[in-house]
Amino acid sequence: MNILGLYNYWIVVILILIGFYIVIAHENLIKKLVGLTIFQTAVFFFYISVGKIKGATAPILNDSLQVYSNPLPHCLILTAIVVGISTTALGLALVVRIQEAYGSIEEHELHAQDNNDQLESQLEAYGTRKQFNIMKRT
Amino acid sequence: MTAHYPVLQVIVPLLAAPFCLVLRIPRLVAIFAILVSATAFLISTALLQQVLSHGIVIYELGGWAAPWGIEYRIDQLNGYLLVLISGISTVVLIAAQSSIGRELPENRHTFFYTAYLLCLTGLLGILVTGDAFNLFVFLEIASLSSYILIALGTDRRALTASYQYLIMGTIGATFIIIGVGLMYMMTGTLNMHDLSQRLPEIYKSRTVLCAFGFFIVGVCLKLALFPLHLWLPNAYAYAPSIATAFLAATSTKVAVYVLIRFIFSIFGINFVITSLPLSEIFLVLALAGIFAASISAIYQLNIKRLFAYSSIAQIGYMILGLAIGTQLGLTATLLHLFNHALMKGALFLAIGAVVYRINSSQLHHYAGLGKKMPWTMSAIVVGGLSLIGVPLTVGFVSKWYLVTALLDKGWWPVAVLVLLSSLLAVVYVWRIVEWIYFTPPRIILTDIQEAPLSQLIPIWLLVLANLYFGVDTRLTVGVSKLAAQSLFGVTL
């Protein structure tokens with residue numbers, strides 16, 4: 001097996017893992033989006049390198065050119081880039097709204113506020129203060 | 001004109017969506033959206049008829065022949081689902097005007113309908129397309145617009161729910177393109193029909209196995225299979241009621257369709273069973289999902305969240321049908337796909353009607369509403385009975401076929417578990433009934449009236465469909481059987 005010769009795939013795999021790790025590990029919503037973008041971009045690299053042939057040119061019909069790279073994956077990635085940008089834009093817009101509504105974009109603070117809301121509605125549903133305290137402890 | 005039906009199906013709502021922004025006046029936009037959706041419904045009915053009488057309909061986009069151009073391909077399976085999705089969408093839209101009018105500020109109505117029609121475009125596109133990459137594009141159209149639909153909810157938790165769904169959904173979609181990319185790398189084609197013919201030669205390749213793995217995990221994220229379901233409960237709970245009714249009835253169903261399409265038509269069931277223990281994985285995850293989600297449903301305070309968990313459990317039943325891996329099992333899955341869309345459509349619309357009146361989806365606010373809103377509440381009860389699987393409802397039909405398929409395969413312990421899990425459904429449906437009919441009201445109910453007719457009609461349309469298809473199963477069972485047969489008999 002030619003491990004070094006496949007270096008393009010190694011780069012892709014490493015970038016995917018970095019992106020994925022950031023999405024999972026970071027608390028900050030914007031950092032999560034950064035991770036997501038790295039993750040998506042790594043996949044774009046993968047498609048582009050699949051279509052590339054060493055020493056080949058763009059697919060232009062000309063007698064002097066013999067070997068062409070496959071343009072299809074490149075076109076596909078143009079579409080995927082558009083999708084990726086719209087996802088990031090929508091994500092960032094949501095983060096702005098979350099900041100306005102919660103006053104924070106740290107995940108644990110959002111969870112804390114949500115849990116508080118949840119406890120309040122439990123209190124309202126089941127009444128007594130005693131039960132509320134029990135629920136709070138668990 | 002008839003020749004162009006497959007593409008019109010997608011283009012009509014796609015072009016109508018930006019047109020909504022031009023129209024601007026909420027009332028006009030609402031009527032316009034209903035018309036568009038009804039057009040899609042009529043086209044899809046015509047298409048299904050065409051498929052049933054003449055066989056597969058193939059449409060070449062822009063006149064480019066299949067392996068190079070994008071091909072739309074409609075057979076019994078997606079013809080049947082097209083009718084379902086566009087039908088449900090139309091019924092839900094009829095209720096939309098009043099419900100959205102109450103739940104959203106007026107300046108957001110137009111955006112709601114635009115996102116709704118785009119979502120419909122995406123879902124119909126996923127169903128008709130015969131091209132693997134095109135499927136990804138439509139999937140993202142549907143997903144992006146559903147993030148918007150969810151974020152439109154008035155509770156601030158709708159925003160975090162939408163964000164969470166965006167992260168999970170994008171990871172799922174990216175996994176899907178990794179899978180498609182690997183398939184393309186090995187076969188040099190993106191056309192589903194071509195893929196199904198070229199893949200068998202290279203079944204031994206590890207890359208193909210890898211492609212399949214990525215694809216399946218990606219789709220399972222989208223359809224909220226048990227350990228990947230975390231985005232779903234909050235998304236359904238805090239979205240506007242109409243959006244919840246639409247998404248719950250359609251979007252996960254379409255993801256199940258994608259799964260079926262790739263497992264049966266493209267990779268072929270033999271490859272799936274022999275090369276991977278997929279059947280066992282699905283069996284375990286489906287059962288775990290059914291139980292975990294049904295038990296969580298019992299403890300929910302928010303009725304939308306309760307039914308969201310129940311949706312996850314119902315998806316478990318569909319995946320269970322796939323895990324059986326026989327024609328009967330697939331028939332059960334397809335039937336449940338249809339039936340569950342009817343149940344959840346009716347239930348979430350009925351909840352939407354209650355939210356319209358009391359502006360809350362907390363279960364304890366429903367106390368005593370049984371007398372105030374008898375029609376809406378009885379719709380919730382019938383929908384609940386259908387979820388349990390009581391005879392004369394559609395839920396019974398799909399459970400019957402599922403259990404028959406399980407017994408036929410010889411998996412009787414699983415059949416027993418399925419029946420036991422129905423008891424959990426009894427518990428959570430009973431909790432609702434208890435709050436509605438047997439608990440004194442917690443809030444002042446004097447000026448609460450029955451829901452307006454514009455909401456009762458769509459609700460009862462779906463409830464009656466629940467009962468009708470529970471008795472007269474010729475259409476649903478007939479088409480499901482045909483579709484299952486064609487998926488098992490000949491590859492696409």
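A quick definition before any clicking: Ala, Val, Leu, Ile, Met, Phe, Trp, Tyr, Cys and Pro count as nonpolar, Asp, Glu, Lys and Arg as charged, and the others, Gly among them, as polar. This is a predicted model, where local features need pLDDT of at least 70 and side-chain atom pairs count only at pLDDT 80 or more, while totals for chains, interfaces and linings use all residues. Residues are numbered from 1 along each chain as its sequence is written, chains are lettered from A and ligands numbered from 1 in the order in which they are written, and side-chain values use heavy atoms, with hydrogens and water left out.

**Stop 1: the largest pocket**

A pocket here is an open set of points on a 1 Å grid over the protein atoms alone, with protein on both sides within 12 Å along at least five of seven lines; a cavity is a set where a 1.4 Å probe fits but cannot get out, and lining residues have an atom within 4 Å of a point. Grid points are joined across faces, edges and corners, and a volume is the space filled by probe spheres set on the points.

Select Glu107(A), His111(A), Gln164(B), Leu230(B) and Asn234(B): of the 30 lining residues, these are the closest to the centre of the largest pocket. Its volume is about 760 Å³. By class, the lining splits into 16 nonpolar, nine polar and five charged residues.

Now switch to cartoon. Helices are DSSP runs (H or I, at least four residues), numbered from the N terminus. On chain A, helix 1 (7-25), helix 2 (29-51) and helix 4 (107-126) each supply at least two lining residues, as do helix 6 (157-187), helix 9 and helix 13 of chain B. Which helix gives the most to this lining? Helix 6 of chain B does, with eight residues.

**Stop 2: the second largest pocket**

Next, pick Tyr9(A), Val13(A), Leu182(B), Thr207(B) and Cys210(B), which lie nearest the centre of the second largest pocket among its 20 lining residues. This one has a volume of about 630 Å³. Its lining has 18 nonpolar, one polar and one charged residues. Helix 1 of chain A brings the largest share, six residues.

**Stop 3: a histidine in a loop**

Go to His229(B), in the loop between helix 8 (206-223) and helix 9 (232-238) of chain B. Is it buried or exposed? His229(B) has 11% relative accessibility, so it counts as buried (under 20% relative accessible area; exposed is over 50%, partly exposed in between, with a 1.4 Å probe and protein chains only). Show its contacts (heavy atoms within 4.5 Å): apart from neighbours within four places in sequence, they are Ala224(B) and Ile312(B).

**Stop 4: the two domains of chain B**

Colour chain B by domain, using bounds from an automatic or database domain assignment: domain 1 is 1-274 and domain 2 is 277-492. Their C-alpha centres lie 22 Å apart. The contact involves 54 residues from domain 1 of chain B and 50 residues from domain 2 of chain B.

Buried area is the accessible area (1.4 Å probe) that two parts lose on being put together, summed over both. For these two domains of chain B that comes to about 4,700 Å², with 78% of it on carbon and sulfur atoms. Highlight Tyr80(B), Phe226(B) and Phe264(B), which supply 15% of the area that domain 1 of chain B buries against domain 2 of chain B, more than any other three residues.

**Stop 5: the cavities**

There are five cavities of 30 Å³ or more. Of its 15 lining residues, Leu123(B), Ser143(B), Tyr165(B), Lys222(B) and Ser251(B) are the closest to its centre. Helix 10 of chain B gives the most to this lining, with six residues.

The second largest cavity has a volume of about 80 Å³. Select its lining, including Ile263(B), Val272(B), Phe282(B) and Leu322(B). Why does this cavity lie between domain 1 and domain 2 of chain B? Because both domains give residues to its lining.

**Last stop: the domains of chain A**

Finish on chain A, with domain 1 (4-105) and domain 2 (107-138). Their C-alpha centres lie 41 Å apart. About 640 Å² is buried between these domains of chain A, 46% of it from carbon and sulfur atoms. Select Glu27(A), Tyr102(A) and Ser104(A) to end the tour: they supply 75% of the area that domain 1 of chain A buries against domain 2 of chain A, more than any other three residues.
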